[in-house]
Amino acid sequence: MSIYQLLTEISFDGVALWAVLLVCLGVFFAGFMDAIAGGGGIISVPIYLIAFHRLPTYYTLGTNKLSSCLGTALSTARFIRSGLVDWPLFAPAMVFSVVGSLGGTWLQHRTPDFILKYLLLLVLPVVAFFTLRSHGWPDEAGDIAPTVQRAIIWISSLIIGCYDGYYGPGTGTFLMIVFIRMAKLDTRHAAGGVKIINLCSNVSSLIAAFCSGYVLLGVGLCASVASMAGHYLGAGLAIKNGSKIIRPAVITVLILLTAKIGSELLFPNFWS
């Protein structure tokens, strides 16, 4: 059997081997980016869309949740071991995130497929403004009343958790911006909170996708190995370098967001 035949005739869950390998490569880089600044879905979702081009978008989003879930669990564990998760502050946020994610996934499965590909048009300008308006991200926490800080973190976890369940890409980036700019957390502790909240919303959304039959288990597990490797390496860099690497990574995610949205507007059939 030739290499071409090997790549095209062998399949997992009906997906050709070349497409599975493409997904694994993309998911590795997505996990690396996601562990640093969130937004790994901006890389992984388009890769899944290419590999699953004959399937509805729901399979892309559901299978992506499986690989991102296991990868996020690994990077989250590294942040917890480093003492960068404030449990009294973020434990309630985890609950709000789960509720929001379940609601968002329920809504996703009842939304026309094409709408999912254009949702970011509404939020990208706002995210870009808050990210680029300052030249640096703090290594020390800012001055804010604890009650106000809790309200900001818990409400944003509910809203962004809903977005994560509904669509997903950029969730970690949005949480980072809110936690740093509005809730006045330092960069490392903000990243730790993002990891634990993102993991909770991912798990709840994955359960909903499983129950609806929108997860290709074989492909998702293969991609999960690559995702975990990327998350492990990315988390180590984020913990060690803090704002020096996290802010540039967030800006990179926003550039990728812009490129993705632009390609969808100019070439709407490419991602179908």
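How many nonpolar, polar and charged residues make up the lining of the second largest pocket? By class, this lining has 7 nonpolar, 2 polar and 2 charged residues, where Ala, Val, Leu, Ile, Met, Phe, Trp, Tyr, Cys and Pro count as nonpolar, Asp, Glu, Lys and Arg as charged, and the others, Gly among them, as polar. The model is predicted, so that local features need pLDDT of at least 70 and side-chain atom pairs count only at pLDDT 80 or more, whereas totals for chains, interfaces and linings use all residues. Residues are numbered from 1 along each chain as its sequence is written, and side-chain values use heavy atoms, with hydrogens and water left out.

The volume of the second largest pocket is about 170 Å³. Of its 11 lining residues, Gly14, Val15, Ala51, His53 and Arg54 are the closest to the centre. Strand E2 (15-16) and helix H2 (17-37) are the elements that give two or more residues to this lining; helices (H or I, at least four residues) and strands (E, at least two) are DSSP runs, numbered from the N terminus. Pockets and cavities were assigned on a 1 Å grid over the protein atoms alone: a cavity is a set of points where a 1.4 Å probe fits but cannot get out, a pocket is an open set with protein on both sides within 12 Å along at least five of seven lines, and lining residues have an atom within 4 Å of a point. Grid points are joined across faces, edges and corners, and a volume is the space filled by probe spheres set on the points.

The count of cavities of 30 Å³ or more comes to 2. The largest cavity holds about 200 Å³ of space. It is lined by 25 residues, of which Asp34, Gly40, Gly41, Asn64 and Ser68 are the closest to its centre. Two or more lining residues come from each of H2, helix H3 (41-51), helix H4 (57-81), helix H9 (171-182), helix H10 (187-212) and helix H11 (217-241), and H4 gives the most, with 5 residues. This lining divides into 5 nonpolar, 17 polar and 3 charged residues.

The second largest cavity contains about 30 Å³ of space. Its lining consists of Leu61, Gly62, Lys65, Thr105, Gln108, His109, Gly165, Ser205 and Ala209.

Because Lys65 lies in helix H4 and Asp164 in helix H8, the pair ties together parts that are 99 residues apart in sequence. Both Lys65 and Asp164 are buried (under 20% relative accessible area; exposed is over 50%, partly exposed in between, with a 1.4 Å probe and protein chains only). The count of salt bridges is 1.

On the surface, Val95, Phe96, Val99, Ile155, Leu158 and Ile159 form a nonpolar patch with about 530 Å² of accessible area together. Helix H5 (87-108) and helix H8 (146-166) each give two or more residues to this patch. Patches are made of residues with over 30% relative accessible area and no salt bridge, like charges being joined within 9 Å and nonpolar side chains (Val, Leu, Ile, Met, Phe, Trp, Tyr) within 5 Å; accessible areas come from the Shrake-Rupley method with a 1.4 Å probe, and for residues only the protein chains shown count as cover. Phe96, in helix H5, is partly exposed, with a relative accessible area of 33%.

Key:
Salt bridge = Lys/Arg side-chain N within 4 Å of Asp/Glu carboxyl O.
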